[in-house]
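Work through the exercises below with the sequence and the model open side by side. Each task sentence is followed by a solution that goes step by step.

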Amino acid sequence: MTTRTSTTDSRHRAWSAMSAPVEAGRNGNGGSALPSAAILAGGTIVGDATNGHASGHASGHGAAEPDPARRPRVLGLRCRRCERPEAAGPSYVCPACFGPLEVVYDLEAIRAQASRARIEAREPGIWRYLELLPVAARPERGLAVGSTPLLRADRLGAELGLRAGNVRLKDDTRNPTLSFKDRVVAIAAARAVEFGFDTLACASTGNLAGATAAAAANLGLRAVVFVPSDLEPAKIDHALSYGATVVPVDGTYDDINRLSLEIADEEGWAFVNVNLRPYYSEGSRTLAFEVAEQLGWRLPDVIVAPMASGSLFTKVAKGFDLLVDAGLVAAKPVRFIGAQAEGCSPVAAAFAAGSETITPVRRPETIVRSLAIGSPADGAYAVALARRSGGAVLAVPDRATAAAIRRLGRTEGVFAETAGGVTIAGLEQAVASGQIGPDDEVVALITGNGVKTPDAKWFGLDEARAGAGQGSGLTRGGGLVPAIEPSYAAFVRAGLGS
Ligand SMILES: Cc1ncc(COP(=O)(O)O)c(C=O)c1O
Ligand SMILES: [Zn+2]
């Protein structure tokens with residue numbers, strides 16, 4: 001669980017840590033529920049170790065350090081269900097109750113170590129929020145992820161009847177592999193390197209495959225990505241571009257997820273969103289950190305976000321919470337509005353039914369492939385967040401998604417992938433129903449780039465591919481004009497002259 005020496009060696013170390021997280025006891029503590037001080041003493045500790053590696057010695061390092069300015073900032077992992085502590089290894093499930101694990105921070109240490117000035121002095125990218133992330137030190141290598149623009153969307157806002165300056169887009173179409181997934185992968189990949197894995201893998205609905213493939217290439221790891229066999233070709237090709245092994249699976253995302261659990265166990269690979277999920281999910285918090293900083297260190301009134309597993313949605317809220325707890329922004333209520341595609345909307349269905357029980361969707365039927373998770377891991381947490389924050393979880397028909405992609409492109413010059421269309425269609429729905437009013441300051445998360453789903457924008461339009469249904473050229477908002485001769489007369493004949 002320290003540095004990588006040889007392939008076989010590292011595979012075994014990674015594997016033994018994964019199959020038996022409490023085997024951190026090799027270092028002095030084993031077995032049953034451990035108090036966090038014991039975790040600090042015995043497990044792999046992520047903290048302020050200057051060499052960037054976990055200390056892992058039974059020295060009491062961290063717990064014995066009274067000065068919060070020098071203490072490790074991460075205490076370990078903890079079960080979200082029964083709160084049982086675990087060492088910060090490559091583990092994701094509670095051995096006691098099978099609940100999901102999450103990272104636990106030492107808030108006093110973070111308060112002592114993080115400051116606005118320190119963050120602002122650093123170069124752009126997710127690592128500027130180092131003290132708020134589950135790593136000891138900035139990784140030596142990695143793609144340039146994050147610090148994407150927060151754009152004013154006044155023309156879109158005006159079409160929806162919202163006040164100028166009140167709608168902003170977090171434009172995550174501009175990450176290295178054109179989606180927000182570069183954020184989550186960057187954190188998981190950093191930990192995979194620390195844990196000594198040599199293979200980075202994922203179960204993907206599309207965007208994660210490209211992000212995992214690129215990060216692995218950049219770090220010199222092998223990439224194996226598992227995707228539904230009927231995925232959009234552009235997304236498969238994207239992952240291939242980075243030299244990954246792409247494994248199409250005849251099944252749904254949920255089938256692939258189950259298969260990945262087995263492969264992670266059998267092969268000892270680092271699946272970014274399976275056995276490294278506690279770290280992976282922390283990456284979504286960086287969206288919250290950036291939004292707050294870009295607003296001048298304050299929080300908006302409403303976040304509108306797309307939802308598949310519900311991880312992004314819930315972690316943005318946790319990101320705001322951490323900023324407040326760290327004393328970096330003032331506390332303020334933020335309403336969280338999540339959006340799903342109607343053809344795969346188990347979280348929206350639970351929200352509408354007033355329940356926190358998620359009934360899985362066995363066969364997703366939607367053009368929004370990136371959000372097609374029928375059994376969302378964080379669904380219940382997402383419903384709870386929407387409810388307690390005064391938000392909602394909405395279901396969006398595919399036609400509305402396609403129209404929203406076109407509207408966003410036409411009004412703001414931002415071309416969104418289907419998930420971004422769901423976000424904008426969700427925003428439209430929330431405005432129409434009065435859940436968002438003209439005085440609300442709204443940030444909509446545009447999490448993927450439209451070049452990955454070029455055909456989706458035409459869904460529901462007759463002959464739209466040729467642009468014929470759009471009107472000809474200048475008159476009705478653009479469209480593809482039939483080819484013309486290279487003469488001004490032909491230009492006029494085509495009805496393009498003034
Ligand atoms: C572009 C895009 N946005 C949003 C999401 C939703 O992510 P989560 O599973 O964290 O809800 C995904 C998931 O694949 C995605 O690809
Ligand atoms: Zn538990």
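**Exercise 1: the surroundings of the ligand**

Sort the shell around ligand 1 by residue class, and then find which residues come nearest and which elements contribute.

Solution. By class, the shell around ligand 1 is made up of nine nonpolar, nine polar and two charged residues, where Ala, Val, Leu, Ile, Met, Phe, Trp, Tyr, Cys and Pro count as nonpolar, Asp, Glu, Lys and Arg as charged, and the others, Gly among them, as polar. This is a predicted model, in which local features need pLDDT of at least 70 and side-chain atom pairs count only at pLDDT 80 or more, while totals for chains, interfaces and linings use all residues. Residues are numbered from 1 along each chain as its sequence is written, and chains are lettered from A and ligands numbered from 1 in the order in which they are written.

Next, of the 20 residues around ligand 1, those that come nearest are S309, S311, L312, T447 and G448; a residue is near a molecule if its C-beta atom, placed from the backbone, lies within 6 Å of it. Two elements, α7 (207-219) and α12 (311-325), each give two or more residues to this shell, and α12 supplies the largest share, three residues. Helices (H or I, at least four residues) and strands (E, at least two) are DSSP runs, numbered from the N terminus.

**Exercise 2: the helix α7**

Solution. The buried residues of α7 pack against α6, β6, β7 (222-228), α8 (233-241) and β8 (245-249), contact being C-beta atoms, placed from the backbone, within 7 Å. Just after α7, G220 takes a positive phi of about 75°.

**Exercise 3: two loop residues**

Where do E83 and S147 lie, and what is the phi of each?

Solution. Most residues other than glycine have a negative phi. E83, in the loop between β1 (74-79) and β2 (85-86), has a positive phi of about 65°, and E83 counts as partly exposed because it has 13 C-beta neighbours inside 10 Å. S147 lies in the loop between α4 (116-120) and β4 (150-152), and its phi is positive, near 50°.

Terms used. Buried ≥ 20, exposed ≤ 12 C-beta atoms within 10 Å, placed from the backbone. Contact = placed C-beta atoms within 7 Å.
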